[in-house]
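Here's a quick briefing on the model shown below. Have the viewer open while you read, and follow along topic by topic.

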Amino acid sequence: MYKMIFVFLFMIFSSSVEANAPKALDRWTILMTLVSKEMKILENAKHKGSELKYRMLELHSERLKLIHEKNNKDFMEKSKVANVTKNKESFFKETREYYQYTKEFGSKLLKEHPDARRRSEVLFAIAINSRDYGLDNITEKYLLECISLVKDSHHSLRHHAETALADFYYNEKRFQDAISYYEKVITKTEDEWLPKHYFNISWCYLKVREFDKAIKAIRHAYVLSKDRTYVNIKDQVLDNVGSFYVYAGRPLEGLEFYLKNEKDPIPYLMPMAKKTSEKGHERETEAVLATAQKLIDKNDWFHYQEELFHSYLDFYRHYNRFADHEETSRMMVAYYKKADTDKKLKLKTDLKEDSIEKMRSLAGFLQVRVAKNMKENGGSFKEQEMNIVLNFFNHLIALDPTKKVEYLYFRGETYYSVRKFTEAAPAYIDCVNEAKLTKNEDLARKSLNSLLSLTAMEVIEKELNKKYLIFAYTEHVGIWPRDEKSEQIYPKLFEIYREAGLDEKASVVIRTFYKAYPEHLKDQQTLMTKVLDLFIDRKETKKLASWIHEFKSGFLTFSKETIEKTEITLGNMLFLEYQDLAKKGDKRSAANGFVSIYENQLYTDKVKGQAAFFASLTFLELSETEESYKWQLLAFERMTDEERMSKRDEQLKMSERTYKLQDFVTSFKLSSFFLQKFCSLKDEIQNRYYEVAVMTALVEENAEGAENIIRLHSNCLKKAESHELALNQMFSFYEKTGDFRRLRLHVYRYPSEEFTNQYRFTLQKWYWERSSLNLKELIKIEFKALKQPEVFVWLKEMDSFKHAEKILAELKIESIWDQLVFDGEAYNKALEKYLLRIQSFKQNYEHLTSSTQTDLAILSTRMFASLYKNVGEKINTIKPKGMDEQTYKEFNAAMKQVAGQFLGISSQFDKQLVKALKEKETLAWGSRAIASVEQIENPVFSFFTGLTMDKSREE
Amino acid sequence: MKTFAMLAILLIFVSCSSSRIDRKIDNAAWDSLADESYLRWGENRLKKTAKSEYEVVACYSGDASKTLNSFKKDYLVKNQTPYYWLHIGNCYFIQENWTKAEFFYRMTLEETKVKTIKSIALNNLGLIHFKYEQWEKGKEFLNEAIKNAPLLKVPRYNISQLYLQFGLFDKAIEVLNDSVFKGHKDIDVNFSLANAYLYKGDLKTSAQYFQLIPQDNFRREDIAATYALFLMKHGKTKEAKEVMDDRERSGVAELSAISQKIEKLIAQRMKEE
């Protein structure tokens, strides 16, 4: 009946599956629904007999299975995301509860129906439920009860119960009990699971160390598996048969079994080799592996090669055959390389990660061992083992390049552990370089720390040690510019470079230090100062100059004073060479050197200013005044106000030197320039510049230039004396050059009693000395304008003298008697009239002889002497017409007496004049005019007949 | 063509115009002032003089610019040497650059402590002041020069020229008869005395001094002019004309004017005669 119902249910299930195409979970729901529906129908039955209840037990068991299925599914899913092993039971709470319910339902059935036909089935169901879902361990009990109830040894239920009990004992490791039931079970040759039972019993025999039986049973299972009547468990058998031989201590027989029974035994040989190895059969294992390798080689079964390599690795590892292991690893490296390069071969690489792990593991192990040996054996170690370790790391680098940095580090550590420091250092360096590439800061730090501790021991040759230390320091600060250790490293690294004289590198350290730790500015400044000292010691001016530019642009925020000090030092260094040249006499080269410094773009304004100044000085020493001036101006342009001030004394001396070198034009330019530039200072130097400028202008007869200095820069003076001196010089200049117009202007522009007085005397001198009538007229006009009483007198005298000269000329040509007939009375009257005119002339102009105008006094005295001489000669030689001889004799005698008086007076005038002039040594122009022969002045003229002197015997 | 002619005339004019008389004396025996002045040294004498004795000699040989440049170059080495500044002044004097000459003479006075060198500078400054027609100042410098080095002849000679210029003939004769000139033969000293006596009216003594002047020197314009006047005083108009005709023109404006006056006078006398 229930079978029909089940079929019915199955049909419904099938149709619903087809109709709805449900998912897996849906299947569970459907089955559960079906079970529930049938259960409901059965529960609704008014009378429930044992058969119906048994069906209900089956349905409960079915539901229990579904619930467990569901609980298990939940557990598995949770397991995927979390470790739920500890709470596993909580997932199966429903299973346990429903199991209990089902078990009670079955027990109640057994209790209510002790004679039920299906009692043995109920017992079997309870036993199986307990085995599968319960924790109450009642399986054995209920199975034994079931077996005891089924007397017929051929009854299938009994066979099932015995099989289940055998499996139960097998699982409970009660192998002897299991054997006793399996021996019964295997007698039922109709059981399609017979190979399985043989397989199980073989295991039981194995467990109880009955190896021959075990091998026999398993080999029988292999044979039965070939029979299609039975379930084929050949694979299981093949997987295990090798082990059976191994356990039996006859691994080579196992090998033979595989070779004999399987065309491709390799999949079984490798596990077998493993097992053989585990069981201590080293030689046999090697034989198995070698056989496998031969098969691969013979049949080109390269797909097994990778796995076989692994088997080898395991084998060698197991027997500590490290060299063989390493050799195999080397072959594997080649294999993987080939796999990578020759894709056509389709070499398997599934186990590559495992290979890496194995090599890694062994390398690690050996590394520790080598180090341990080193410690324990007082510093000795096996060189070969170390080489193996190092080779492993090389293999690993090849196989696992992503972790290259790690292996490089391990190489370093390996060397370090055996105190092979010379080899360790480059290994660490390799690691650091790789770490930088892969950005593995952790290993970079570790390697650098190792390198630092290594170098600290000072066990490597000194220079090499320094090289590594520099590397470690440089990389450390490079990777972690701001880091506790780097903070300590900067000064040390700097010191190394400094001591080695590597200034550029030392500078770079400071720059990096500054960037990373601006708060340590003072320390950095101190370090920088040391670098500068280095440059100074080495006279590396270009570098020094370059740094000054840096400082000026703000680097290390050095104070202005420090920068200036450095610049001065630089300048001194730069200039020293050329100053030496100059000292040695090669001034040309020195000057060119200073010019080259100025023209070099590298140097700062301060240096250039100084260079230009030195160039100027040197050109001056070369007497190249114009060039010196040019560089003086260039120097000035580059100098700061302070520097300009500091050079003033020298500038003044240079200006003075320039005129001493006969270049008055340049000296004037220089003096004017500085006079103007420092006008506001109004000090002694300014006074001197002023004096030099005026003086040099006048030497060049550049009156306008001198006037401009006076006009524009007299406000730049400290003392007025220079101004007064300049005005006097200007006056003298115009006076010397006879420049009436400018002299006049000067006197009007700078009126002073001294000038005015001197002016009128100069004009008076010019009036009498110069022949230009125009000038004479101008002087007279000027005299009028002066409105000075004394000058008015002079003017009158001048006019008077001019008039006197005219009268004198008339008198000289005037005839005393020119009548045709002599008349004594008339003659006397005429003579009287003439002499009265002479007297009148004397009265009118006699005062001129005592004029304060020396020239006039001399000229007028000479005029009177000339007049009297003329009168005397005229009277002396008179011979009136119509006078008889006798009368003439008497007349002449009388006239001679008169004439003699006039001639005597004339001569007296002359003598007195000569005497006066001689006594006073008067050098007036008038005196020259009267000293003549035949009215021609003396060709001797003091200026052009005088002699200059060049030397003296008296020296 | 016209342009060339003008240029040639201009060149002649330029080359002829001068401030001073060229009166080189080739025979050292007639130069009693040779120890003090190179001014009258003839070309041959200058050539014979080792230039190393004094660099200034080159200036008298026509290399004034070059020599000045040499002084400039040797400044550092030579500026402390006794004659450095003085000789620079003299070179400028020769170039007729009076302001520069004066400047360096004044430099000499500032820089030297040697009395004779001071005296030389003072003498030269005196001449410069004569150029400026500052006779009194010039005389002061000369007197100062004599005071500093009484045995020097040139300052005395120069002051005699001033006296002659201003008609102080007795003073000139007195100076030129000073013991420093005794025992020496000198064309200019003799000429100055001849001149002084002529202008003083003592033709006889004048004639004695004229006779002491070597014949060649009568071509010098100042001597020729004076001697022509001397001849005129003796009524030797024709001889006076010959002397004047034979003179070498100095190019000195003042002297040329006097010569012209004399020639005019000669012409007038000859006409009268």
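Predicted model: local features only at pLDDT ≥ 70, side-chain atom pairs only at ≥ 80, totals over all residues.

The expected span of a helix is 1.5 Å times one less than its number of residues. Keep that in mind for helix α27 of chain A, which runs over residues 541-552: its 12 residues reach 16 Å from the first C-alpha to the last, close to the 16 Å expected.

- Chain A comes with 46 helices and two strands, and 40% of its 955 residues count as buried.
- Take the contacts in chain A with a separation of 6 or more: 56% of them are between residues 24 or more positions apart.
- Chain B has 16 helices and zero strands; of its 273 residues, 49% count as buried.
- For chain B, residues 24 or more positions apart account for 51% of the contacts with a separation of 6 or more.

**Where the chains touch**

- Chain B puts 69 residues into the contact, and chain A puts in 40 residues.
- On the chain B side, the residues touching chain A split into 37 nonpolar, 16 polar and 16 charged.

**Helix α27 of chain A**

- Which residues of α27(A) are buried? They are Thr541(A), Leu544(A), Ala545(A), Trp547(A), Ile548(A) and Phe551(A).
- Just after α27(A), look for Gly554(A), which takes a positive phi of about 110°.

**Helix α11 of chain B**

- In α11(B), residues 169-176, the buried set is Phe169(B), Ala172(B), Ile173(B), Val175(B) and Leu176(B).
- Look down the axis of α11(B) and its buried residues fall within an arc of 165°, so they line one face of the helix.
- Covering the buried residues of α11(B) are, among others, α10 (154-165) and α12 (187-200) of chain B.

**A helix pair in chain A**

- How do the axes of α13 (residues 251-261) and α14 (residues 266-278) of chain A cross? They come within 11 Å and cross at roughly 175°, which means that α13(A) is roughly antiparallel to α14(A).
- From α13(A), the residues in this contact are Pro251(A), Gly254(A), Leu255(A) and Tyr258(A); they meet Tyr268(A), Leu269(A), Met272(A) and Thr276(A) of α14(A).
- By class, the residues of the contact of α13(A) with α14(A) are six nonpolar, two polar and no charged.

- Glu458(A) has a phi near 55°, a positive value in a residue other than glycine. You'll find Glu458(A) in the loop between α22 (441-457) and α23 (462-479) of chain A.
- Glu458(A) counts as exposed because it has 12 C-beta neighbours inside 10 Å.
- Glu133(B) also isn't a glycine, and its phi is positive, near 60°. Glu133(B) lies in the loop between α8 (115-131) and α9 (135-148) of chain B.
- With 19 C-beta neighbours inside 10 Å, Glu133(B) counts as partly exposed; a residue needs 20 or more to be buried.
- Ile807(A) is part of helix α41 (residues 789-813) of chain A, and with 18 C-beta neighbours inside 10 Å it counts as partly exposed.
- Ile807(A) and Ile838(A) are 31 residues apart along the chain, and their C-alpha atoms are separated by 9.8 Å.

Technical notes. Residues numbered from 1 in each chain as written. Chains lettered and ligands numbered in written order. Contact = placed C-beta atoms within 7 Å. Nonpolar A, V, L, I, M, F, W, Y, C, P; charged D, E, K, R; others polar. Helix = DSSP H or I, 4+ residues; strand = E, 2+ residues; numbered from the N terminus. Axes fitted to C-alpha atoms, helices over the stretch in contact; angles between N-to-C directions. Parallel < 35°, antiparallel > 145°, perpendicular 65-115°, else oblique. Arc of directions from axis to C-beta.
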